[in-house]
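Dear colleague,

Please find the structure below, handed over for your use.

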Amino acid sequence: MRAFELAIMIGLLLITAAIEAKPTNNATAEKLLKTVMSSPSGGIAQLGGPVEITCRVINHVDVLMIKLVKLPLNAEDSAAAGQEVFTAGGGKQKLRSPWDTRPDLVFNGSSLTVRFNMSQLDEGRFRCDAVTLDGELPGNAQQLLTLQPPSAPGLLFDGAAPKPGDHLEVVIGDILTVNCSANVGKPAGDIRITFAPATQGAPEKEVPGATNASWTGPISAGNHTVFTIFKSSLVKVKIEDSHHGGCFACRLTPSALAASLTADVNGTADTTAAAGNWTSQLVARGPAIHALFPVGFTQT
């Protein structure tokens, strides 16, 4: 009797171990399906631009149902539960709220594809999950971001905005406040203040300043709502002899990710047009010289 009970216990343990040993890792899930973004370049899309996300099934035999879920951009756990976009399986397909009422979204159940126009709210990580007899397996996640081209930076001297090439006269010893600010685009680029001495061949150098970044918005851009990143750099410069005839510049370097894409900037397809700079030639005047004459001495 004890041997029979022992055999039953061993059998139960083996069944339990088999259940617990079901595949749950992404490597197994990726043998079943993949998340594919075919429209955006590198997971980046311009506001209003077309986006297409497909759950591509590799092994139909083992998959009972497919789910497309949306995760926050900062979701660290690749298996975290997300907000469902659609489910498909058993001949039934269903869009979930709020996508089911979205007028610009098209769902093709036969190809497991959704198409929509990019909005700020679409930013996130999209992941296709497979539901199998062994349970639900999270697939690979694809990141989707909004592309916003940067704009030309602006330069301020003591709060005044010069035009490119303007001359600025200051007195040696004066303290000059230089401010550089710009919409740096998204993904965010960087701005910096530089000074190029008038001496021929002298290298341009960065003028260290306090840089800050902030979100502003929402801002209406046609039919879309956008959040724009502005950065500014502020520095106080004591004018010295070496500043004679030199040029201060406010320079913007777009994100390498954004610069590698084709984006409409000022009606052109050249993102480098946004990597503008504002310069101003500096004319430094020396301090006034006061002559002190000895008593009884008469100047002629």
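The notes below cover the basis of the model, then the ring pairs, then the sheet.

This is a predicted model, in which local features need pLDDT of at least 70 and side-chain atom pairs count only at pLDDT 80 or more, while totals for chains, interfaces and linings use all residues. Residues are numbered from 1 along each chain as its sequence is written, and side-chain values use heavy atoms, with hydrogens and water left out.

A search of the whole structure finds four aromatic pairs (rings of Phe, Tyr and Trp, the last by its six-membered ring, with centres within 6.5 Å; planes under 30 degrees apart are stacked, over 60 edge-to-face, the rest tilted). Phe116 and Phe126 form a tilted pair, because their planes stand at 35°, with ring centres 6.4 Å apart. This pair joins strand S8 (residues 113-117) to strand S9 (residues 124-132) (strands are DSSP runs of E, at least two residues, numbered from the N terminus). Both Phe116 and Phe126 are buried (under 20% relative accessible area, 1.4 Å probe, protein chains only).

Phe157 and Phe248 pair edge-to-face, at 5.9 Å centre to centre and 70° between the planes. They lie 91 residues apart, in strands S11 and S18 respectively. Phe157 is buried at 5% relative accessible area, and Phe248 at 1%.

S12 runs parallel to S19 over five bridges, and Glu169 stands opposite Val283 in S19.

Yours sincerely

Note on methods. Helix = DSSP H or I, 4+ residues; strand = E, 2+ residues; numbered from the N terminus. Buried < 20%, exposed > 50% of the residue type's maximum accessible area, 1.4 Å probe, protein only. Pairing = 2+ DSSP bridges.
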